[in-house]
Amino acid sequence: MPVILQYPDRALLMRDLAEMVADQLIEALETQESATLVVPGGTTPGPIFDSLCAVDLDWSRVRVMLTDERWVPETSERSNTRLLRERLLVNHAAAATYVPLYADAETPEEKLPELSEALSQLMPISVMLLGMGTDMHTASIFPGADQLDLALHGNENLVAMRAPGAPEPRITLSAKVLKSAISRHIVIVGAEKREALEKARHLSPEEAPVTAILNGSIIHWAER
Ligand code: 6PG
């Protein structure tokens with residue numbers, strides 16, 4: 001069973017979680033040369049990034065990657081990299097090394113080998129944040145996706161996906177990699193996502209991919 005931490009509101013959640021992530025990065029850097037932080041895109045985590053980037057830790061030894069990326073160039077409003085460049089890789093965190101999950105090519109499949117190699121250099125993952133959709137997807141592991149089986153049960157670290165719930169092709173860390181993170185936090189806001197999470201617990205990973213990574217995760221929830 002995952003631990004569920006409930007917060008009075010979203011602002012407190014974002015602030016406390018940023019503090020927790022910073023502490024875990026500092027702790028990792030005490031015993032390791034470098035630490036790896038993996039974060040989601042989407043609409044939820046922006047305020048966490050705003051707090052986190054202002055923490056004065058040794059960001060020059062932190063490598064940052066996304067849990068998943070939309071296959072669009074950085075100039076697109078839908079680019080998760082763009083969100084990171086605007087809200088996380090600034091202030092003190094500008095010193096971090098960003099390892100993108102996108103490269104200039106028509107399809108994610110063309111760049112999969114090189115991106116997958118770059119990801120393997122970042123292991124182990126010290127701290128991971130994840131979001132969840134109301135359809136119970138996490139990262140870009142969507143119910144009904146064309147490579148769902150591979151992403152949930154395969155040995156690959158990275159999977160290119162197309163899914164009914166996603167307007168563009170995606171590239172996503174596989175469940176195997178998501179599960180390997182030393183600390184894993186799932187961030188959800190709102191009653192609808194909480195209901196989806198409760199429902200997910202009784203479903204299979206094929207129906208509710210988030211269940212694949214619930215064990216050992218800390219869930220952070222605020223109603224509004
Ligand atoms: C993405 C994300 C994705 C996200 C969820 C929740 O690229 O969309 O990485 O996994 O975390 O879809 O998205 P919201 O925070 O926008 O609800």
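**The whole chain**

Begin with everything shown, and keep in mind that this is a predicted model. The secondary structure of the protein chain comes to seven helices and ten strands, and along the principal axes its C-alpha atoms fill a box of roughly 40 × 40 × 35 Å. A compact globule of 224 residues would have a radius of gyration near 17 Å, and the 16 Å of the protein chain agrees with that. Among contacts between residues at least 6 apart in sequence, 74% join residues at least 24 apart. Selecting the charged side chains gives 20 positive and 32 negative ones, and the centres of these two sets lie 3 Å apart.

**The nonpolar core**

Which residues have the most contacts inside the largest nonpolar core? Select Leu-37, Trp-59, Val-64, Leu-84 and Leu-173, which hold that place in a core of 79 residues. Helix α1, residues 10–31, gives the largest share of this core, with nine residues. In soluble globular proteins, nonpolar side chains tend to be buried together.

Now centre the view on Trp-59 and show what surrounds it: leaving aside residues up to four places away in sequence, Trp-59 touches Leu-25, Leu-37, Leu-52 and Cys-53, among others, and also His-92, Ala-93, Ala-95 and Ala-96.

Select next Met-161, which is found in strand β7, residues 158–161. Is Met-161 buried or exposed? It is buried, because its relative accessible area is 1%, and the cut-off for buried is under 20%. Beyond residues up to four places away in sequence, Met-161 touches a set of residues that includes Ser-140, Ile-141, Phe-142, Leu-148, Pro-169, Arg-170 and Thr-172. Ala-145 is also one of the residues it touches, and although Met-161 and Ala-145 are 16 residues apart in sequence, their C-alpha atoms are 6.4 Å apart in space.

Then move to Met-132, in the loop between β6 (127–130) and α5 (148–153). Met-132 counts as buried at 4% relative accessibility, and, with residues up to four places away in sequence not counted, it touches His-137, Val-187, Ile-188, Lys-193, Ala-196, Leu-197 and Val-210. To span a distance from here, draw a line to Leu-89, which is 43 residues away along the chain and whose C-alpha atom is separated from that of Met-132 by 23 Å.

**Backbone details**

Stay with the loop between β6 and α5 and select Ala-139, which also has its place there. Ala-139 has a positive phi of about 45 degrees although it is not a glycine, and, with a relative accessible area of 8%, it is buried.

Asn-91, in the loop between α3 (80–87) and β5 (97–98), likewise is not a glycine and has a positive phi, in this case of about 55 degrees.

Notes:
Residues are numbered from 1 along each chain as its sequence is written. This is a predicted model: local features need pLDDT of at least 70, side-chain atom pairs count only at pLDDT 80 or more; totals for chains, interfaces and linings use all residues. Side-chain values use heavy atoms; hydrogens and water are left out. Helices (H or I, at least four residues) and strands (E, at least two) are DSSP runs, numbered from the N terminus. The radius of gyration is taken over C-alpha atoms; the globule rule is 2.2 Å times the number of residues to the power 0.38. Contact means heavy atoms within 4.5 Å. Lys and Arg count as positive and Asp and Glu as negative; His and the chain ends are not counted. The place of a charge is taken as NZ of Lys, CZ of Arg, CG of Asp or CD of Glu. A nonpolar core is a set of buried Ala, Val, Leu, Ile, Met, Phe, Trp, Tyr and Cys residues joined through side-chain atoms within 4.5 Å. Buried means under 20% relative accessible area, exposed over 50%, partly exposed in between (1.4 Å probe, protein chains only).
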